[in-house]
Amino acid sequence: MDRSGGAVMAWNVFRFCTALRGLGSIMILLVLCIVGLTYYAVVIANYGPTLFNGGLDSFTAFTVLVLFHALLAMLLWSYFSVVLTDPGGVPPNWKPDIDDERGDADPLLESAYIGSVVASNQLNVLGDAANQGVRYCRKCNRFKPPRCHHCSVCGRCILKMDHHCVWVVNCVGALNYKYFLLFLFYAFLETTLVTLSLLSYFIMFFTDGEIPGTPATLATSFVTFVLNLAFALSIMGFLIMHILLVVANTTTIEAYEKKTTPKWHFDIGRKKNFEQVFGINRRYWFIPAYSEEDLRQMPALQGFEYPTKPDTEALQQL
Ligand SMILES: [Zn+2]
Ligand SMILES: [Zn+2]
């Protein structure tokens, strides 16, 4: 009974993951459609024509158009950076560095130790994310670096996996988390700008006075306003959640794990936690890229090693 139940569950999950994979190009198309609709409503139907009215109208239209295009460029750059950047996989020959903790470098002892871990029946629970012990993925049949998780949609282990995002058709992990946060940031600013700039048209819709524009452009402005308002509000929630996660040096997955793990070794102070995602070089904080120096100097940006604080310090903070 249990066995068949498990099989049905696994089958359903598999179907779900396949469906998510199939959604891929449709979601990118959907994002581009929303961008296209918004572009039409803001630039072509409303602010483009008022640009040549003269006086305050022209000034407002110019400001809105410049901000709109600048934010759109950053939004699309961040979006495609998340879509196209590999979140970080585990190389087949990767194995945990156990020398540090065990204090011996004897290759025979090391292989015997790893062998015993593999043979153990508690592979998934050995060494939870917080103590950096030896972790093993039974689906990929290989060791997992600290903070790495298996994604059933991608079908592989992802370094510092945060979540699998259907909007970007990719996993969000160690190598593209910053780009994902920037995408959220610019998407929030852009949708807020669009909401505010179309607010007057939205209000006009409910007044009795004469409304400029054809029914088609009015309908587009109305739909665009509602869509952007909904996105602005939901992205704001996401953004606040992720800011809190970055400050505490936690991924979405780890936030659930932490409920059973009172000590969080990876939290090494707000500034350093932030730098582990955004890098040290301030000039790169607002663009989806890292300086070569940061990549060289900060192992955390590669996704395999993370600095931790000692147990005593972690306990003091409880
Ligand atoms: Zn795996
Ligand atoms: Zn994934």
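The model is predicted: local features need pLDDT of at least 70, side-chain atom pairs count only at pLDDT 80 or more, and totals for chains, interfaces and linings use all residues. Residues are numbered from 1 along each chain as its sequence is written, while chains are lettered from A and ligands numbered from 1 in the order in which they are written.

**Annotated segments**
- An unreviewed UniProt entry marks residues 20-47, 59-80, 179-205 and 225-248 as "transmembrane region", and such annotations may be inferred rather than shown by experiment.
- Residues 59-80 are 100% helix and 0% strand, with end C-alpha atoms 32 Å apart.
- For residues 225-248 the figures are 96% helix and 0% strand, and the end C-alpha atoms are 35 Å apart.

**Helices H5 and H6**
- H5 (residues 177-205) packs against H6 (residues 215-247) at an angle of about 145 degrees, their axes 7 Å apart; axes are lines fitted to C-alpha atoms over the stretch in contact, and angles run from 0 to 180 degrees between N-to-C directions.
- Among the buried residues of H6 are Thr220, Phe225, Asn228 and His242.

Terms used. Helix = DSSP H or I, 4+ residues; strand = E, 2+ residues; numbered from the N terminus. Buried ≥ 20, exposed ≤ 12 C-beta atoms within 10 Å, placed from the backbone.
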